[in-house]
Amino acid sequence: MNKQLKGIMYVTLGAIFWGVGGTISQQLFEGYQIPLDWFITIRLILSGLFLLLLAKLRKQHVMNIFNHKHSFFQLLIYSIFGMLAVQYTYLASIEGGNAAVATLLQYLAPIVILTYLLLTRKTVFRLIDLIIILISTFGTFLLLTSGNINNVVVAPSAIIWGLLSAVAAAFYTMYAGRLFVHNTPLVIVGWAMLFAGLFISLFNRHWNINPLDFGLMGNFYIVFVIIFGTAMAFFLYLLSTKYIDPQLTALLGCIEPLTAVILSIIWLKQPFNIIQSIGMLIILGVVLFISILNSKGKSQPSRS
């Protein structure tokens, strides 16, 4: 198998795992009434440990981050305001609405980054930037309202959490670069998940939960989300960046929201009309365009 085909396989499988993981999370919230804080706690802690184990098996320097106080402090910021913020807002959006819309709203992160750079004057304003922002806003409008401003088809809480997820994902993406300069991404992501999980565990109100109460299928869903929908998805995505360029990574990464939408419609019977589908395609098209436009930069892992 040549390197490019290997990279395509890795990123495709990782994106599918992310999409499936989001949809299963919705099923856990709706069908098993799993508390959000408990689910996030075990998801982050166990996924973080799994990734650190993988890093150790690949003979990466897992403990090097602790040799530099500045890097460790950056990791703590990244863990709480990046990793935890992304995971919490994303899952809260799923809990309040559905996985399809939550994933698509999170994909607005590149628009948030572009807006931030323009407002802080870190990039020169171009006409194409205004067009990108207006088109993405229009796509979001179609996704959330089906083209009728008086007919919002998504719960307000899900919209708010979804938009906050895009903001958190934007910070996660921009801040990660400085950490990845001197440390391997797998190690950083593993520690970030573990620290984020330990931090939110301090506020977990549901430690008395017995996972066995969720039955065999419920536990299968939980294990799948932790191992495949989180840890392996990150691992495969990071692995793919060694073999394929950012343009192709961005293109295949769009499989994640498409997977979430298709599964939500077929499996969870989630209504998703033609107008919303057009909104989805507009958002994905704009995100893909921005990713290709900025493909000279290093590709970052997704957040879901």
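Student: Hi! What do the buried residues of α5 pack against?

Tutor: Hello! In this predicted model, the buried residues of α5 pack against α4, α6 (127-145), α7 and α12 (274-293).

Student: And which residues of α5 are the buried ones?

Tutor: Helix α5 covers residues 109-119, and its buried residues are Ala109, Ile111, Ile113, Leu114 and Leu118.

Student: What happens just after α5?

Tutor: You come to Arg121, which takes a positive phi of about 60°.

Student: Okay, new topic. Which residues of the largest nonpolar core touch the most other members?

Tutor: That core has 70 residues, and Leu51, Leu75, Tyr78, Met83, Val189 and Trp191 touch the most other members. Among the elements giving two or more residues to this core are α1 (3-31), α2 (36-57) and α3 (69-96).

Student: Which element gives the most?

Tutor: That would be α9, with 14 residues.

Student: What is Trp191 in contact with, leaving aside neighbours within four places in sequence?

Tutor: Trp191 contacts Leu52, Val62, Met63, Ile65, Phe66, Leu75 and Ser79. There is also a second, separate core of 27 residues, which includes Val101, Leu108, Leu144 and Ala166.

Student: Now Tyr10: buried or exposed?

Tutor: Tyr10 lies in helix α1. Its relative accessibility is 17%, so Tyr10 counts as buried.

Student: What does Tyr10 touch, not counting residues up to four places away in sequence?

Tutor: Tyr10 touches Leu236, Leu239, Ser240 and Tyr243.

Student: How many residues apart in sequence are Tyr10 and Tyr237?

Tutor: They are 227 residues apart in sequence, yet 6.3 Å apart in space, C-alpha to C-alpha.

Note on methods
Residues are numbered from 1 along each chain as its sequence is written. This is a predicted model: local features need pLDDT of at least 70, side-chain atom pairs count only at pLDDT 80 or more; totals for chains, interfaces and linings use all residues. Side-chain values use heavy atoms; hydrogens and water are left out. A nonpolar core is a set of buried Ala, Val, Leu, Ile, Met, Phe, Trp, Tyr and Cys residues joined through side-chain atoms within 4.5 Å. Buried means under 20% relative accessible area, exposed over 50%, partly exposed in between (1.4 Å probe, protein chains only). Helices (H or I, at least four residues) and strands (E, at least two) are DSSP runs, numbered from the N terminus. Contact means heavy atoms within 4.5 Å.
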